[in-house]
Amino acid sequence: MRTRIRNLGILAHVDAGKTTLTERFLYLTGATHKRGEVHDGTTVTDFDPQERDRGITIFAAAVSCDWAGHRLNLIDTPGHVDFADEVERALRVLDGAVAVFDAVAGVEPQSESVWRQADRHGVPRLAFVNKLDRAGADLDTAVASIRDRLGTVPLTVQLPIGREDAFTGVVDLVHLRAHLWRAGTDTYETGPVPEALADEAVRRRHRLAETVAELHPGALEEYCAHGTLSPDTLTAALRDLTLAGEAVVVLCGSAYRNRGVEPLLDAVVAYLPAPADLPPVRGEQPADPTAPLTGLVFKVTTTPIGRMTYLRVYAGTLRKGDTVLDSTTGRTERIARILRVQADRTTETDRATAGDIVAVVGPKAARTGATLCATDAPAVRLEPPVSADPVVSVAVEARQSRDTERLAVALARLAEEDPSLAVRTDPESGQTVLSGLGELHLEVAVEKLRRAHGLDVTVGRPKVAYRETPAGAVTGLTYRHVKQDGGAGQFAVVVLDVAPLGEGEDPSGQELVFRSAVTGGRVPQEFVRAVEAGCRDALADGPLGGHPVTGVRVTLTDGATHVKDSSELAFRTAGRLALREALRTGGTTLLEPVVEVTVTAPDSAVGTVLGDLTARRGRITDSTTHADTAVLTATVPLAALFGYATHLRSRTQGRAGFTTRPAGYAPAG
């Protein structure tokens, strides 16, 4: 049974058609009996009211369906950069993915970002070039962008039949046969390749076999002997290359018109891995249902039926009523219910085995990233999903003072459900500050406070996370820390060279590069480590505006100790105060977060968009034109982008859109 499970995610840029494709999967597999549409607000996976209002996926939604005797556990992920953390958590527990690309736009900024996320997790992928029925759609151009921008080897296994509005089917290049969808029907017919495409199909099939043979030793042997590859050999080689991450199989179609979806489902079964196909990594055990239980929590939500904890079972079997150990905290948790999830609907089951993705009710304290394991076996700690650091903040306050306590509880629950949100109290202003990954991310969180928790809140202007970095070098700064107040005193002398990181090094990429050049044992090694710890303490707030300091190179060149009064505490204090004095002496430069903005606008609006980006201190880095549409890329300070979505729509009569992705830090202008 473990070989008949596929755990996969649907990844893409906003509006590439992820959710529509997921809806077609559910409809064609019989999991639903009516096709949901994004524009009608009737999709299964975009069930949250905000998703339906905004027409985008915000929260990763899990669904299941059956195809060709296999169980497919799907997670439809968001395509907006502000919700990239949802994608990160999903990819941590998935075995494979389908990356969806727009046949007109090809690889877009966020499709590139999610591809890199999948690369980091080593997730095998298929590519689906969607929307071939649109004006300007071109499979070859989209595939070229996959090759050029993603740095992978695309293996196109289909040839479209017809272009744009006349797109009616695909040629299967592996078996050299045609799949045709008739207007007004949900089924397709398989037959011979149309005569007009026969020669082109043979040429492309030969090119596919040749490329596969170059990459796959087993296929090369058959290719050299026969000059071609049999369908079975080609299928097996494509699967091997997919699992190894050496190439990506490319299919095509139009999810909205229900064309090309069934062959994609077949490809998911044929090419993507089962849980048992992947080697154990990151502390995981083999996907064996008889092994001790090991599972990873990747999502926590609060629902009308209680606190739901989403879990990927990597090994063993989880049963209703079991007591499990949260190895992250050392607490035990009881599993009251096990649920198969279909977006916002659930079905109860008695057990979940290795490879399953389920939700459980009962655990009260398990958080995202927690490992749940058997209480009678050695504790296992799986690598948790990594959350991105928040970059935008707003001050949130209850309009009525009597709701202050309710607001605190609601914010804590939001942060528990979404680890990329952070809640803190500003020590100077006393304000409650909510931080997230972008303006839309915070808008959605605040709206959830209003809708789900019934709170009337006011929101202050967002604040961005500034940094400071040394402006110049300070050499030979000597700091003496001497304290005597009865009993054992404190004595430490340190001599520091402090400088910004060298040219070409990203000052926001690392906080501190520390090394010791002390000779002759003048500062013992344990005190050197204490000096480094003190320097790190000093980075918490810089002299310019109290912002965290980053991009500092510190060299400990000399020092002195006292036989009785020197200690690690004394040298840690000396390191902290010495670096603070060096930063005040040399000065610091303010850094602000910048983002890469990609604006898609009609040619007639290019001048307006360029002028506005320049006024926001943007630096244009790229400009391309396709048909009557221009794509402008610029690097813009994050602080200058607040309210940009509304402003851009009003300046272009709603005809322009934009996406952003973090691009690090740059000196504030």
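Which residue of strand 4 is the bridge partner of Ile-10? The views below start there.

**View 1. Strand 1 beside strand 4.** The bridge partner of Ile-10 in strand 4 is Val-98. Strand 1 covers residues 5-12 and strand 4 covers residues 96-102. They pair in the parallel sense, over 5 bridges. Strands count as paired if DSSP finds at least two bridges between them. Helices (H or I, at least four residues) and strands (E, at least two) are DSSP runs, numbered from the N terminus. This is a predicted model: local features need pLDDT of at least 70, side-chain atom pairs count only at pLDDT 80 or more, and totals for chains, interfaces and linings use all residues. Residues are numbered from 1 along each chain as its sequence is written, and side-chain values use heavy atoms, with hydrogens and water left out.

View 2. Axes are lines fitted to C-alpha atoms, for helices over the stretch in contact, and angles run from 0 to 180 degrees between N-to-C directions. Contact means heavy atoms within 4.5 Å.

**View 3. Helix 3 against helix 4.** Helix 3 spans residues 84-93 and helix 4 spans residues 109-121. Their axes come within 10 Å and cross at roughly 30°. That makes the two helices roughly parallel (under 35 degrees; over 145 is roughly antiparallel, 65 to 115 roughly perpendicular, the rest oblique). The crossing is right-handed, meaning that the near helix is turned clockwise from the far one by less than a right angle. Helix 3 brings Ala-84, Val-87, Glu-88, Leu-91 and Arg-92. Facing them in helix 4 are Gln-110, Val-114, Gln-117, Ala-118, Arg-120 and His-121. By class, this contact has 5 nonpolar, 3 polar and 3 charged residues. Ala, Val, Leu, Ile, Met, Phe, Trp, Tyr, Cys and Pro count as nonpolar, Asp, Glu, Lys and Arg as charged, and the others, Gly among them, as polar.

**View 4. Helix 10 across helix 11.** Helix 10 (residues 404-417) packs on helix 11 (residues 439-451) at an angle of about 130°. Their axes lie 11 Å apart. The two helices are therefore oblique to each other. Leu-407, Ala-410, Leu-411, Leu-414 and Glu-417 of helix 10 make the contact with Ala-445, Lys-448 and Leu-449 of helix 11. Here the classes are 6 nonpolar, no polar and 2 charged residues.
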